[in-house]
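This briefing is to be read alongside the sequence and the 3D view. Please keep both at hand while working through the points.

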Amino acid sequence: MAINYKKCPRCGKRDSIPIVYGYPTVELAEEAEKGKVVLGGCCVMEDDPEFHCQNCNYQWNRLEAEEAAYGEITGFKASVGGYFDGFTQVHIDFAARQIIRTHSLDDPEAVFSKRLAVKTLKNLPGQLKDMDLLNWKRRYENSQVLDGTQWQVEIQRQGRILRKSGSNGFPDKWDDFCRLIQKISGRPFA
Ligand SMILES: [Zn+2]
């Protein structure tokens with residue numbers, strides 16, 4: 001799982017305990033006494049917090065943890081292509097506010113790059129979240145097709161890199177992902 005729901009979105013510590021709702025049983029009351037859970041009360045609302053940080057007392061739910069995880073993305077590289085047509089690679093760097101696009105069969109000097117608008121970058125984490133990018137499997141494979149299309153996405157997050165890849169197999173939102181990159185770069189990506 002690429003999203004750590006138990007990590008506090010405010011202080012970043014992984015020292016959280018679950019918040020439990022409903023009328024507490026004796027066992028649950030004991031657990032709460034020992035500091036293993038927090039009692040959230042009898043009524044559950046849809047956006048109630050599910051985790052409690054023991055370091056800073058902040059409370060949050062899954063949705064907020066997901067938003068925080070996407071907010072930690074600092075950039076990504078994506079490539080797609082095949083043996084005969086070569087590979088298209090893009091690198092989106094959030095800090096440099098830049099997209100760089102290269103193609104393996106092009107002149108190495110012919111690098112396309114474009115400065116990204118602040119608004120484009122601001123929308124990106126939410127768009128990547130809509131595509132469920134962080135929850136894509138590590139590998140998608142369809143062994144019935146030879147050659148065909150290979151792809152890879154390398155997501156840079158604070159302090160770590162996540163890699164997803166495929167060979168003729170794709171996550172559900174792959175086409176949306178390609179369209180997004182096409183839209184940002186103004187150049188084909190497929
Ligand atoms: Zn905290």
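The domain assignment divides the protein chain into domain 1 (16-69) and domain 2 (73-185); such bounds come from an automatic or database domain assignment. This is a predicted model, in which local features need pLDDT of at least 70 and side-chain atom pairs count only at pLDDT 80 or more, while totals for chains, interfaces and linings use all residues. Residues are numbered from 1 along each chain as its sequence is written, and side-chain values use heavy atoms, with hydrogens and water left out.

**Between the two domains**

- The C-alpha centres of domain 1 and domain 2 are 37 Å apart.
- Four residues of domain 1 are in contact with four residues of domain 2 (heavy atoms within 4.5 Å).
- About 300 Å² is buried between domain 1 and domain 2, and carbon and sulfur atoms give 55% of this area; buried area is the accessible area (1.4 Å probe) that two parts lose on being put together, summed over both.
- On the side of domain 1, Glu66, Glu67 and Ala69 lose the most area to domain 2, together 91% of what that side buries.
- Zero salt bridges are counted between domain 1 and domain 2 (a side-chain nitrogen of Lys or Arg within 4 Å of a carboxyl oxygen of Asp or Glu).

**The zinc site**

- The zinc ion has as protein donors Cys8 (SG), Cys11 (SG), Cys53 (SG) and Cys56 (SG), which lie 2.3 Å from it; donors are N, O and S atoms within 2.8 Å of the metal (3.2 Å for Na, K and Ca).
- Along the chain, the donors of the zinc ion follow the spacing C-x2-C-x41-C-x2-C.
- The site of the zinc ion is tetrahedral, with angles of 103 to 117 degrees among its four donor atoms (all angles must lie between 85 and 135 degrees).
- Ideal angles for four tetrahedral donors are 109.5 degrees.

Definitions and conventions
Four donors count as tetrahedral if all angles lie between 85 and 135 degrees; four count as square planar and six as octahedral if opposite donors are over 155 degrees apart and all others between 65 and 115; anything else is irregular.
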